[in-house]
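I opened my notebook to look up a few things in this structure.

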Amino acid sequence: PGPARLARLPLARVKALVKADPDVTLASQEAVFVLARATELFVETIAKDAYVYAQQAKRKTLQRKDLDNAIEAIDEFAFLE
């Protein structure tokens with residue numbers, strides 16, 4: 001399997017988002033793949049951390065307040081505030 005199979009996000013969509021940035025003139029397929037994979041890992045990490053707050057509230061479904069709690073509590077997410 002090639003790099004396209006290792007990423008779950010559609011690489012064409014990621015490339016379109018990259019090209020939408022006026023500061024970007026060129027983006028290799030490898031760079032698009034790395035961005036897609038990094039995004040997937042970020043979403044997985046924040047979702048796992050937010051799920052802890054959902055479990056504390058005895059819920060199985062993530063809500064916005066769970067994400068907000070994770071962002072407030074975890075220093076790595078301070079840039080999202």
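With which residue does Arg64 form a salt bridge? I found Asp68, and the closest N and O atoms are 3.1 Å apart. I count a salt bridge when a side-chain nitrogen of Lys or Arg is within 4 Å of a carboxyl oxygen of Asp or Glu.

**Ground rules.** This is a predicted model: local features need pLDDT of at least 70, side-chain atom pairs need pLDDT 80 or more, and totals for chains, interfaces and linings use all residues. I number residues from 1 along each chain as its sequence is written, and side-chain values use heavy atoms, without hydrogens and water.

**Entry: Arg64 and Asp68.** I checked where the two partners sit. They are four residues apart in helix 4, so about one helical turn separates them. Helices here are DSSP runs (H or I, at least four residues), strands are runs of E of at least two, and the numbering starts from the N terminus. I noted a general point too: an α-helix has 3.6 residues a turn, so residues three or four places apart point the same way. Next I looked up accessibility. Buried means under 20% relative accessible area, exposed means over 50%, and partly exposed is in between (1.4 Å probe, protein chains only). Arg64 is exposed at 63%. Asp68 is partly exposed at 30%.

**Entry: the other salt bridges.** How many salt bridges does the structure hold? I found four. One of them joins Asp66 to Arg59, with the closest N and O atoms 2.8 Å apart. Asp66 is buried, at 1% relative accessible area. Arg59 is buried as well, at 18%. Another joins Glu40 to Arg37, and there the closest N and O atoms are 3.0 Å apart. These two are three residues apart in helix 3, which puts about one helical turn between them. Arg37 is partly exposed, at 26%.

**Entry: Glu40.** I stayed with this residue. Glu40 lies in helix 3, which covers residues 29-56. Is Glu40 buried or exposed? Its relative accessible area is 8%, so Glu40 counts as buried. Its side chain also reaches the backbone nitrogen of Arg8, at 2.4 Å. I treat that as a polar contact: a pair of N or O atoms within 3.5 Å, where, within protein, one must be able to donate a hydrogen and the other to accept it, and residues adjacent in sequence count only if both atoms are side-chain atoms. Then I listed contacts (heavy atoms within 4.5 Å). Leaving aside neighbours within four places in sequence, Glu40 touches Leu6, Ala7, Arg8 and Leu9.

**Entry: helix 2.** Which residues of helix 2 are buried? In this helix, residues 11-20, I found Leu11, Val14 and Val18. Seen down the axis of helix 2, the buried residues fall within an arc of 60°, so they line one face of the helix. The arc is that of the directions from the helix axis to the C-beta atoms. On the other side of helix 2, Ala12, Arg13, Leu17, Lys19 and Ala20 are exposed.

**Entry: aromatic rings.** I searched the whole structure and got two aromatic pairs. The rings of Phe42 and Phe77 have centres 6.0 Å apart and planes at 85°, so this pair is edge-to-face. Phe42 is in helix 3 and Phe77 is in the segment after helix 4, so the pair ties together parts 35 residues apart in sequence. Phe42 is partly exposed, at 31%. Phe77 is buried, at 3%. Phe42 and Phe79 make a tilted pair, 6.1 Å centre to centre with 50° between the planes. My cut-offs: rings of Phe, Tyr and Trp (its six-membered ring) pair if their centres lie within 6.5 Å, and planes under 30 degrees apart are stacked, over 60 edge-to-face, the rest tilted. Phe79 is exposed, at 58%. Phe42, Phe77 and Phe79 form one aromatic cluster.

**Entry: Lys58.** Where does Lys58 lie? I found Lys58 in the loop between helix 3 and helix 4 (64-73). Lys58 has a positive phi of about 60°, although it is not a glycine. Lys58 is exposed, at 76% relative accessibility.
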